[in-house]
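Trainee: I have the file open and would like to talk it through. Can we start at the hairpin?
Mentor: Fine, here it is.

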Amino acid sequence: MGGPCFVERKTEEGKVELDVGPDCTDNFQIVCPPFEFDGECWDSVEQCYQAMRFEKGSARRVLIHDTKPDWSHPLVQRARPKEQAKVVSANHGFECWGLSKGASEMQGYRTDFNDVKEGVMLRVNCAKYASSNALQQELLATAGMTLIGASTTGDWKKWNLMIQLFIRQKLLRGQDLEEILAMSDTEALRMLKDFASQQD
């Protein structure tokens with residue numbers, strides 16, 4: 001469920017092209033230092049989101065939480081220096097995603113999760129952005145630009161985009177992201193769906 005958004009760009013000939021958007025719009029992005037959510041620290045949105053599928057204290061949630069980015073992986077070592085962080089982020093994100101495959105059959109799975117998953121993703125993203133002014137500024141730098149969601153599984157192309165647009169609007173208005181973090185997953189989902197309905 002990772003992958004950065006794209007940004008529309010007009011060429012000198014007037015054609016519309018897509019550029020890869022900022023890293024902050026990528027759920028797989030490794031955040032340094034880690035951000036806090038639900039009383040624990042997380043290396044990426046993807047890691048946190050996948051762990052939230054499970055009850056706090058469950059073995060699978062602990063396993064995902066304890067899965068750390070591997071900077072010594074051969075793929076990382078072979079990558080160009082400027083690309084190493086992206087390779088680490090991708091490897092770590094897919095590893096965390098893989099650890100939650102078949103989650104509904106695992107012990108400790110949250111039975112309400114599928115009903116509120118977009119609200120969970122919104123709150124986790126808010127926690128990431130709230131932890132870093134630099135990440136907020138990176139997203140704000142896209143103000144006035146058209147963002148396009150990256151292709152991914154299920155309806156996440158839409159919801160990942162809506163989440164970035166929602167948070168960007170909040171930041172542009174100077175609103176505190178802590179307000180969203182204080183909400184339940186259900187309340188956050190309701191607010192996100194209301195926002196999405198206004199974007200159509």
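This is a predicted model: local features need pLDDT of at least 70, side-chain atom pairs count only at pLDDT 80 or more; totals for chains, interfaces and linings use all residues.

**Hairpin and sheet**

Mentor: The hairpin of β1 and β2 has 5 residues between the strands, and Gly-14 there takes a positive phi near 90°. Strands here are DSSP E runs of at least two residues and helices are H or I runs of at least four, numbered from the N terminus.
Trainee: In what sense do β1 and β2 pair, and over how many bridges?
Mentor: Strand β1 (residues 6-10) and strand β2 (residues 16-20) are antiparallel, with 5 bridges. Pairing requires at least two DSSP bridges between the strands.
Trainee: Which residues in β2 stand opposite Phe-6 and Glu-8?
Mentor: Phe-6 faces Val-20, and Glu-8 faces Leu-18.
Trainee: What about β1 and β5?
Mentor: Strand β5 (residues 147-148) pairs with β1 over 2 bridges, in the antiparallel sense. Ile-148 in β5 stands opposite Phe-6.
Trainee: Zooming out, what is the order of elements?
Mentor: From the N terminus it reads β-β-β-β-α-α-α-α-α-α-β-α-α-α, and the totals are 9 helices and 5 strands.
Trainee: Why does the radius of gyration agree with a compact globule?
Mentor: Because a compact globule of 200 residues would have a value near 16 Å, and the protein has 17 Å. The radius is taken over C-alpha atoms, and the globule rule is 2.2 Å times the number of residues to the power 0.38.
Trainee: How much of the protein is buried?
Mentor: Buried residues are 46% of the 200, where buried means under 20% relative accessible area with a 1.4 Å probe, protein chains only.
Trainee: And contacts between residues at least 6 apart in sequence?
Mentor: Of those, 62% join residues at least 24 apart; a contact means heavy atoms within 4.5 Å.

Notes:
Residues are numbered from 1 along each chain as its sequence is written. Side-chain values use heavy atoms; hydrogens and water are left out. Buried means under 20% relative accessible area, exposed over 50%, partly exposed in between (1.4 Å probe, protein chains only).
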